[in-house]
Amino acid sequence: MQRYIPALLEIYWRMGRKMVPLPLTSDNAAGPSGKTVAVVFDFVGTLLPKIDADSSLRYIWLESGQDKARFQNILAHYSHDADDRRSYFQQATELFREARITKDDITRIGNGTRLIPGICDVFKVLNDAGVLIWIVSRSERQFIRAALGDLACYVEEIKSNQFLFDSEGVVDGIRISPFDYEGKRRFVSRVAGDLSVSPQDIVFVGNSNNDASVRGSGAVTVCVSPSNTTGTDRSSWTHCCQCCDDLRDILPFINLQSTTK
């Protein structure tokens, strides 16, 4: 019975804060090990610093030499609402199709993307310590893989949207991932369950309001260079790097060695 106490306390704490309680299951019944088992990263704004774009679609659109204002008109309507998101991706698809943006264009733009400094060192440190890496993002898988390049070998899985192409390789649709907003929380909970570890042994790194729900999973959440969220809001974030210009800034929040006796 004693091994269930940490999970029960977690549930009661979340109920007291009017957050979604964690179900007591065999997957999360054990208390935290004191060592980070996995790190789940957001992509745009986290691994891809926000330069002139706050979405991968807009970034690809601009890097393709297209008109900035045309995309901004549809981006303004993106919200938490599922219908708004579907409308946004449908309109983006129409713009991409009209501009005849191809799979090769996306790969080329991704390959030329500059990720956050320190990412190579962090991925290698995590890998050497046996810490697993996931990416969950509303960006598109083909673009993320191209941007990561050789770093993709460190990533267990990328959960994201996915471009669909016609027979000529032109963008013809976007398959929408369910793992955005509350979906990110569900994904992190799934990772903890699949690994049979406490959610507290998972670290999530994000930067925006669509990442804030992950705190409800029980994971340790690190906000980097916050955008549309308050990094010091402890109901959403465990830690905050207010201005993160090097990914190595997150390492103090990751337990590479067990702290339990």
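Axes are lines fitted to C-alpha atoms, for helices over the stretch in contact, and angles run from 0 to 180 degrees between N-to-C directions. Helices are DSSP runs (H or I, at least four residues), numbered from the N terminus. The model is predicted, and local features need pLDDT of at least 70, while side-chain atom pairs count only at pLDDT 80 or more. Residues are numbered from 1 along each chain as its sequence is written.

**Exercise 1.** Describe how helix 2 and helix 3 pack.

Step 1. Helix 2 spans residues 56-63 and helix 3 spans residues 68-75; their axes lie 10 Å apart at an angle of about 165°.

Step 2. Helix 2 is therefore roughly antiparallel to helix 3 (the term applies to angles over 145 degrees).

Step 3. On the helix 2 side of the contact (heavy atoms within 4.5 Å) are L57, R58, W61 and L62, and they meet K68, R70, F71, Q72 and L75 of helix 3.

Step 4. Sorted by class, this contact of helix 2 with helix 3 holds five nonpolar, one polar and three charged residues. Nonpolar covers Ala, Val, Leu, Ile, Met, Phe, Trp, Tyr, Cys and Pro; charged covers Asp, Glu, Lys and Arg; the others, Gly among them, are polar.

**Exercise 2.** At what angle do the axes of helix 5 and helix 7 cross, and which residues make the contact?

Step 1. The axes of helix 5 (residues 103-111) and helix 7 (residues 141-148) cross at roughly 40° and come within 7 Å.

Step 2. I106, T107, I109, G110 and N111 of helix 5 make the contact with Q142, F143, A146 and A147 of helix 7.

Step 3. Five of the residues in this contact of helix 5 with helix 7 are nonpolar, four are polar and none is charged.

Terms used
Heavy atoms only, no water. Helix = DSSP H or I, 4+ residues; strand = E, 2+ residues; numbered from the N terminus. Parallel < 35°, antiparallel > 145°, perpendicular 65-115°, else oblique.
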